[in-house]
Amino acid sequence: MASKTILITGGAGFIGSHLVTLMVNKYPEYKIVNLDHLTYAGNLENLKSVENAPNYTFVKGDITDPKFIDELFQTYSFDGIIHLAAESHVDRSITNPMSFIETNIVGTVNLLNHAKAHWGDFEGKLFYHVSTDEVYGSLGETGFFLETTAYDPRSPYSASKASSDHLVRAYHHTYGLPIVISNCSNNYGPYQFPEKLIPLMINNIQQNKPLPIYGDGKYTRDWLWVGDHATAIDLIYHEGKNGETYNIGGNNEWKNIDLVHQLCDVMDGLLGQEQGTARKLITFVKDRPGHDRRYAIDATKIKEELGWEPQVQAAEGLKMTAEWYLNNAEWLNNITSGAYKAYYEKQYSDR
Ligand code: NAD
Ligand code: DAU
């Protein structure tokens with residue numbers, strides 16, 4: 001396989017760290033450059049296993065800074081960019097939309113501009129935007145999101161991701177920049193920041209704190225093991241068709257309340273406590289404003305065209321996730337004892 005230099009943005013975050021680890025280990029002949037601003041969500045502890053690998057480089061920097069990105073493109077001759085850096089939490093987008101506009105929209109355009117300026121005739125180049133199923137809006141009881149589903153973003157987060165998807169496609173159509181986009185459902189697994197549903201619940205069960213369920217708890221999400229997302233991104237980067245979009249999903253729909261019940265039972269087992277103990281912590285709280293009712297992905301295209309299917313089933317994945325958090329108490333404690341503590345307390349005191 002020919003050597004390549006690939007820029008991965010947001011590689012110190014949840015999904016990015018799984019992707020960086022996969023790429024560094026799988027492609028020793030590549031140079032993987034991880035650019036991350038190390039916001040509250042970025043954590044170099046996630047990358048301990050590859051930090052000394054000869055084909056890996058970490059660069060701290062902000063994707064919204066044009067001078068810095070220009071210098072980065074002058075330093076490295078990138079063959080491709082896999083762009084994950086983003087503000088990613090819907091609740092935070094409701095309280096502070098501007099940082100989502102800056103990072104997710106302005107930051108993406110800044111990367112697009114420099115790819116366009118530095119990549120000559122674009123031969124052998126690829127700009128890959130990692131996006132979300134939330135751009136498609138909200139489903140009723142039935143139906144699935146297809147790649148052709150019209151965009152209907154409804155939160156500041158999903159509107160910012162929809163905007164960046166549109167801009168990536170605009171650079172393809174207007175300037176001929178080679179691009180791919182993938183839109184994925186909810187990920188779960190190790191290293192997820194404990195503001196997201198699954199790690200938040202695991203942490204609260206451990207701490208014997210209330211388990212806040214928004215609204216009636218019947219909101220539905222399709223959950224995908226993060227390692228399966230990383231293999232899909234690797235495959236799309238190498239075999240996806242220029243200009244195309246691929247939906248990625250777990251075929252694994254859960255109503256939030258059912259998922260949390262399942263997680264409570266897994267945690268009771270792992271903590272050696274009587275079944276039913278963790279469920280007693282469940283507390284219904286004020287709903288998320290504009291809360292999307294249901295997401296579900298039709299991932300036929302990536303299955304038929306690229307041969308990808310999720311490998312990890314929910315029962316196994318939830319148990320592996322809960323075990324990982326219990327075995328990595330220091331990682332969790334480092335996060336929950338810092339600025340996150342104030343965020344958590346404010347978030348739930350308002351409800
Ligand atoms: P995350 O919040 O865990 O990580 C985001 C990373 O981006 C962090 O390391 C952060 O430091 C970095 N970052 C933020 N602003 C930056 C900036 N201005 N410059 C450079 N780096 C910056 O997010 P995640 O859950 O790993 O999501 C990664 C990507 O995948 C995002 O684009 C998100 O929209 C998308 N996505 C996430 C999910 C999910 O379930 N988590 C599902 C589908 C798509
Ligand atoms: O669908 C993909 C998206 O999934 C990604 O693009 C986002 O980056 C990612 O954060 C995720 O968004 P959600 O809003 O679906 O994830 P979150 O974990 O915040 O919430 C999952 C569901 O659980 C949602 O219906 C809201 C609910 N919830 C969440 C929290 C944090 C609760 O009921 N209680 C909670 O405390």
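Predicted model: local features only at pLDDT ≥ 70, side-chain atom pairs only at ≥ 80, totals over all residues.
The largest share of its shell comes from β5, which gives three residues. In total 28 residues stand around ligand 1, and those that come nearest are Ile15, Asp36, Ser88, Tyr157 and Lys161. By class, the shell around ligand 1 holds 12 nonpolar, 13 polar and three charged residues.

Some of these contacts can be followed atom by atom. A polar side-chain atom of Tyr157 is 2.6 Å from an oxygen atom of ligand 1. The backbone takes part as well: a polar backbone atom of Ile15 lies 2.8 Å from an oxygen atom of the ligand, and for a polar backbone atom of Thr39 the distance to a ligand oxygen atom is 3.0 Å. On its own, ligand 1 has 840 Å² of accessible area, and the protein covers 96% of it.

Next comes the empty space inside the protein. Rolling a probe the size of a water molecule over the atoms shows where such space is left. Over the whole structure, the search finds one cavity of 30 Å³ or more. The volume of the largest cavity is about 60 Å³. Its lining includes Val90, Glu134, Ser155 and Arg221, together with residues such as Arg288, Pro289, Gly290, His291, Asp292 and Tyr295. Sorted by class, the lining of the largest cavity has four charged, three polar and three nonpolar residues.

Tyr348 is found in helix α12 (residues 339-349). Because its relative accessible area is 18%, under the 20% limit, Tyr348 counts as buried. Between Tyr348 and Val285 the C-alpha to C-alpha distance is 8.5 Å, although they are 63 residues apart in sequence.

The other two residues are in loops and concern the backbone angle phi. Tyr191 lies in the loop between β7 and α6 (197-207). Its phi is positive, about 70°, although Tyr191 is not a glycine. With a relative accessibility of 23%, Tyr191 counts as partly exposed. Asn251 has its place in the loop between β10 (245-248) and β11 (253-255). Phi of Asn251 is near 50°, again a positive value in a residue other than glycine. The relative accessible area of Asn251 is 71%, over the 50% limit, so this residue is exposed.

Definitions and conventions:
Residues numbered from 1 in each chain as written. Chains lettered and ligands numbered in written order. Heavy atoms only, no water. Near = heavy atom within 4 Å. Polar contact = N/O pair within 3.5 Å; in protein donor to acceptor, adjacent residues only side chain to side chain. Areas by Shrake-Rupley, 256 points an atom, 1.4 Å probe, with all protein chains shown as cover. Helix = DSSP H or I, 4+ residues; strand = E, 2+ residues; numbered from the N terminus. Nonpolar A, V, L, I, M, F, W, Y, C, P; charged D, E, K, R; others polar. 1 Å grid on protein atoms, 1.4 Å probe; cavity = no way out; pocket = protein on both sides within 12 Å on 5 of 7 lines; lining within 4 Å. Points joined across faces, edges and corners; volume = space filled by probe spheres on them. Buried < 20%, exposed > 50% of the residue type's maximum accessible area, 1.4 Å probe, protein only.
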